[in-house]
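Student: I would like to learn how to read the features of a protein model. Could we go through them one at a time?

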Amino acid sequence: MNARHRYRRWIASRFGAVVMQPTTLCNLNCSYCYLPTRTQRRQMPPVVAASVAAAVTGRPVSEAVTVVWHGGEPLAMPIAGFEELLAPFESGRVAGAVRHSVQSNATLITDRWCDLLAR
């Protein structure tokens, strides 16, 4: 029996979540953090988000895929840049194929971020 068949019972045939790192930057310096580039402002190119969105929304919709926006600190991104990363997922969100989730330390939250997250 090859490895593919041997481990099939432990590997889901469909994925339920995709973790996205929109920026490496974090505004905190937690002692337990494992991200060596957290002090650098590297941002995900929109073409990467578009490629992931195409893969996620291109599959049959049996249940929504959760897109987890993780960091660094996602809220350390400019809001316009984050909106640009969200845009390719919008048709999938409207169709019920995509659900967004944000993991944040919430220290940078503003009314503008609340408005975007609520939408």
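Student: Which residues is Met20 in contact with, leaving aside its neighbours within four places in sequence?

Tutor: Contact means heavy atoms within 4.5 Å. With those neighbours set aside, Met20 is in contact with Met44, Ala49, Val52, Val67, Val68, Trp69, His70 and Phe89. Before going on, note that this is a predicted model, in which local features need pLDDT of at least 70 and side-chain atom pairs count only at pLDDT 80 or more, while totals for chains, interfaces and linings use all residues. Residues are numbered from 1 along each chain as its sequence is written, and side-chain values use heavy atoms, with hydrogens and water left out.

Student: Which residues of the largest nonpolar core touch the most other members?

Tutor: In soluble globular proteins, nonpolar side chains tend to be buried together. A nonpolar core is a set of buried Ala, Val, Leu, Ile, Met, Phe, Trp, Tyr and Cys residues joined through side-chain atoms within 4.5 Å. Buried means under 20% relative accessible area, exposed means over 50%, and partly exposed is in between (1.4 Å probe, protein chains only). The largest core here has 19 residues, and Met20, Trp69, Phe82 and Phe89 touch the most other members. At least two residues of this core come from each of strand 1 (17–20), helix 2, strand 2, helix 3 and helix 5. Helix 3 gives the most, with 4 residues. Helices (H or I, at least four residues) and strands (E, at least two) are DSSP runs, numbered from the N terminus.

Student: Which residues of helix 3 are buried?

Tutor: They are Ile79, Gly81, Phe82, Leu85 and Leu86. Seen down the axis of helix 3, these residues fall within an arc of 160°, so they line one face of the helix. The arc is that of the directions from the helix axis to the C-beta atoms. Among the parts that cover them are helix 2 (46–57), strand 2 (65–69) and strand 3 (98–102).

Student: How many aromatic pairs are there in the whole structure?

Tutor: A pair of aromatic rings is described by the distance of the centres and the angle of the planes. Rings of Phe, Tyr and Trp (its six-membered ring) pair if their centres lie within 6.5 Å; planes under 30 degrees apart count as stacked, over 60 as edge-to-face and the rest as tilted. A search of the whole structure gives 3 pairs. In one of them, the ring centres of Trp69 and Phe82 are 5.2 Å apart and the planes are at 70°, so this pair is edge-to-face. Trp69 lies in strand 2 and Phe82 in helix 3, so the pair ties together parts that are 13 residues apart in sequence.

Student: What is the geometry of the rings of Trp69 and Phe89?

Tutor: Their centres are 5.9 Å apart and their planes are at 90°, so this pair is edge-to-face. Phe89 lies in the loop between helix 3 and helix 4, and Trp69 in strand 2, so parts 20 residues apart in sequence are tied together. Trp69 is buried at 0% relative accessibility, and Phe89 is buried with a relative accessible area of 0%. Ring pairs link Trp69, Phe82, Phe89 and Trp113 into a cluster.

Student: How many salt bridges does a search of the whole structure find?

Tutor: Side chains of opposite charge can pair when their charged atoms come close. A salt bridge is a side-chain nitrogen of Lys or Arg within 4 Å of a carboxyl oxygen of Asp or Glu. The search finds 2. Glu83 and Arg119 meet in a salt bridge at 3.1 Å, N to O. Glu83 lies in helix 3 (residues 79–86) and Arg119 in the segment after helix 5 (111–118), so the pair ties together parts that are 36 residues apart in sequence. Glu83 is partly exposed at 33% relative accessibility, whereas Arg119 is exposed at 58%. Arg93 also forms a salt bridge with Glu90, with the closest N and O atoms 2.6 Å apart. Arg93 and Glu90 are 3 residues apart in helix 4 (residues 90–94), separated by about one helical turn.

Student: How many disulfides does a search of the whole structure find?

Tutor: A disulfide is a covalent bond between the sulfur atoms of two cysteines. The cut-off is a pair of cysteine sulfur atoms within 2.5 Å. The search finds 0. For Cys33, the nearest cysteine sulfur is that of Cys26, 6.3 Å away.
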